[in-house]
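Colleague: I would like to learn how to read a few features of a model. Please take them one at a time.

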Amino acid sequence: MKRKTDRNRRPLEFNIGDKMLLKFTTQIWKKINSKMHHRGMITKYDNPFEVVKKVGESLDDEKKRFGELLGSAVLVFILDTIVISTLESDVKMPNLIMSILIAITLTILILAVFPVSGGHISPVISFSSALVGLISMTQAIIYITTQCLGAILSALALKAVVSSTIEQRFSLGGCTITVIDDI
């Protein structure tokens, strides 16, 4: 029963003026009320409380943003280096090696970023999570922005690290169109 309840639970956001009920445990009620009540006499809920003001962004939000930025930056950098190094080597089955290395990289990155921000790492995952209702749309927009920024920083770092011949061969400066003059 509890597992089903936890699965259906959504993050709550309250606005100023909203009314909410607070559930009291025995320990909390004893701290609030100096009189000792019998355990059966304690009310589980008190009258509705009104939300007076919203608290600003917490440090946790900054950690989530930084986790998504760093996760997407590392993902793009490692994936690009895996593709470049595999295609530059003389391997008989580069697709198999690339897929195994990418699977290992994704697993490690998701396990590393999941406790901080949910392990989205990709704008597609963040957008899908917002559509399903796991995160708010504003949080998804913030995640997508930081993920794109991390990918851009990673691409610039990769461009600074590799040689100019590899940069031109794999078109690291951006999208290119190859024109064939055989027609």
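Colleague: Is V83 buried or exposed, or partly exposed?

Modeller: Buried means under 20% relative accessible area, exposed over 50%, and partly exposed in between (1.4 Å probe, protein chains only). V83 has a relative accessible area of 28%, so V83 is partly exposed. V83 sits in helix α3 (residues 59–88). T105, in helix α4 (residues 94–117), is buried because its relative accessible area is 11%. This is a predicted model: local features need pLDDT of at least 70, side-chain atom pairs count only at pLDDT 80 or more, and totals for chains, interfaces and linings use all residues. Residues are numbered from 1 along each chain as its sequence is written, and side-chain values use heavy atoms, with hydrogens and water left out.

Colleague: Which residues does T105 touch, leaving out those up to four places away in sequence?

Modeller: Contact means heavy atoms within 4.5 Å. By that rule T105 touches I78 and I82.

Colleague: How is the packing of two helices described?

Modeller: By the angle between their axes and the distance between the axes. Axes are lines fitted to C-alpha atoms, for helices over the stretch in contact, and angles run from 0 to 180 degrees between N-to-C directions. Helix α5 (residues 123–132) and helix α6 (residues 137–161) pack at about 180°, with axes 9 Å apart. Therefore α5 is roughly antiparallel to α6 (angles over 145 degrees count as such).

Colleague: Which residues of α5 and α6 meet?

Modeller: From α5, P123, S126, F127, A130 and L131; from α6, M137, A140, Y143, I144, Q147 and C148. Among the buried residues of α6 are A140, Y143 and Q147.

Key:
Helices (H or I, at least four residues) and strands (E, at least two) are DSSP runs, numbered from the N terminus. Angles under 35 degrees count as roughly parallel, over 145 as roughly antiparallel, 65 to 115 as roughly perpendicular and the rest as oblique.
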